[in-house]
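Reader: Can you walk me through this structure? I'd like to start with the charged pairs.

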Amino acid sequence: MSSVSSVLSGARVPTQLTHFSREWAANPKADLLSGLVVALALIPEAISFSIIAGLDPKVGLYASFSIAIVIAFTGGRRGMISAATGAMALVLVPLVAQYTDDPALALGYVFAATILAGLIQMGMGYLGIGSLMRFVPRTVMLGFVNALAILIFMAQIPHILLNDDGGVEGSVLLLNLGFIAAGLAIIYGLPRFSTTVPSPLVAIVALSGLAVGFDLNLPTVGDMGELPGSLPIPSLPQVPWNFGTLEIILPVAITLALVGLLESLLTAQLLDDLTDTDSDKNIESTGQGIANVVTGFFGGMAGCAMIGQSMINHRSGGRTRLSTLASGVFLLILILALGNWVAQIPMAALVAVMIMVAVGTFNWGSIKLETLRTLPVEESVVMAGTIAIVVLTHNLAYGVAAGVLLSAIFFVRQVAWVVRVTSVVDPDNVERLYAVTGELFFASTNDLVHQFDYDNVKVRRAEIDLSEARVWDTSAVVALDAVVAKFAERGIEAHLVGLNRHAEELHSNASGKVSVGH
């Protein structure tokens, strides 16, 4: 017996090691280096998102490192980066603006809303909300990806043109453009000779060294905001603990939870497609909730998956949870121990990285003429509509929701026209046999009543065969009742045959006036 146990335990060890290797240690070097690249790119974005929400820069930075570290252990998609995001920052803007006269209270409400949003996400994950991802059509995914690429590039324009109120000297603008061009040259050129170190990291280090060495007057990360010098201390949000507070934060928390899960699950689906692997969307939903609960206690704002940073991680070689963990740990080290050095990184270097991400994220194949010619017009409209709404509103959730709604409308419109009714009369001209095929539901049954011949008074019976039709709702049952009633008004006895069990249950619940044959 002991020998059998030892054999079984020995068989489990390789399986456990394989799982650990796949999730954490497939390529530690690539994961650590890609995590460093992501951490460097996270700093200016986290600061920007904090400013968008009207918060201190450290709120976004604390959120970014804490969410990245937690989600590395709790998430359902390895290699995906989660941190503070622009979509979540936009949701917080009205809440913060409402309490500008009391910034401390506003901050407390932000932390409380973040924690509550996390709890809601955990509940959604437990209820299996991730399974709903299968209802997002491919064209909506394409629109989501392309719109995000456009938004990423648009966000770099102020840093490319150095837009500010005071104006910029022409020489500084040219120098900035030259640095961006040099960064892109390194990013795209270096991999032709060596892939030992991620080219975006080489570009950041090289351009930073050049800018510092020659004391060039270029915008830097430090210009975006002050970096924190100490670790956050976990604490409860400083808000009144009563129903009044719940009334204030609940609508915000629900929106944060929905927007965060939508963006996270779509990003997970994108990485699934890129890596040809699967992820657990329900675990990801729960993991995002846990991460937000933790960050709320550590002084951070709500966050979710970042498609831009996830693409940087993917293109830099990050594939496992170690890359996600490394991004959070390196971010913590960079802002606390190396803050003075990080502050001197020229923004041009990070802009080059983000342009690479925008170009790589956009699905260029989706706008090729041969693709557009072969794609159904409805699908092209869905993709274009998703892109337009996201770009106009700067809100991914609005665009995706509109895309799914458009897809549903086109689907219902298409299905509504595939119901067919054919008929034959028996040789004795006594009974007419009708065969109904297609999907019978509220949208497809409007014209069903008019597809039968009620005025052929020569026949005495009508048999309506539904074995090739699917009855979905009570609207279809009511329509079938109307058909039988019209026959009865003319003295023709009608019978429904071929109903499946589901249709019979619907019919018995909603009707009962019609005889049903088998």
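Author: What follows covers salt bridges, a surface patch and the overall chain. This is a predicted model, where local features need pLDDT of at least 70, side-chain atom pairs count only at pLDDT 80 or more, and totals for chains, interfaces and linings use all residues. Residues are numbered from 1 along each chain as its sequence is written, and side-chain values use heavy atoms, with hydrogens and water left out.

Reader: How many salt bridges turn up in the whole structure?

Author: The search finds six. A salt bridge here is a side-chain nitrogen of Lys or Arg within 4 Å of a carboxyl oxygen of Asp or Glu.

Reader: What does Glu23 pair with?

Author: Arg78, at 3.2 Å from N to O. The two sit in distant parts of the chain, 55 residues apart: Glu23 in helix α1 (residues 2-23), Arg78 in the loop between α3 (57-74) and β1 (82-84). Helices (H or I, at least four residues) and strands (E, at least two) are DSSP runs, numbered from the N terminus.

Reader: Are Glu23 and Arg78 buried or exposed?

Author: Both are buried. Buried means under 20% relative accessible area, exposed over 50%, partly exposed in between (1.4 Å probe, protein chains only).

Reader: And which residue does Asp453 meet?

Author: Arg432, at 3.7 Å, N to O. Asp453 is in the loop between β4 (431-440) and β5 (461-471), and Arg432 is in strand β4, 21 residues apart.

Reader: Why is Asp453 classed as partly exposed?

Author: Because its relative accessibility is 35%. Arg432 has 12%, so Arg432 is buried.

Reader: What about Glu489?

Author: Glu489 forms a salt bridge with Arg490 (3.8 Å, N to O). Glu489 counts as exposed because its relative accessibility is 64%. Arg490, at 35%, is partly exposed. Elsewhere, shared partners join Glu23, Arg78 and Arg321 into one salt-bridge network.

Reader: Switching topic. Which residues make the nonpolar surface patch?

Author: Phe243, Leu246, Leu250, Ile254 and Leu258, about 470 Å². Patches take residues with over 30% relative accessible area and no salt bridge; like charges are joined within 9 Å, nonpolar side chains (Val, Leu, Ile, Met, Phe, Trp, Tyr) within 5 Å. Areas come from the Shrake-Rupley method with a 1.4 Å probe; for residues, only the protein chains shown count as cover.

Reader: Where does Phe243 lie?

Author: In helix α9 (residues 243-275). Phe243 is exposed because its relative accessible area is 71%.

Reader: Last one. How many helices and strands are in the protein chain?

Author: 19 helices and six strands. Of the 518 residues, 49% count as buried.
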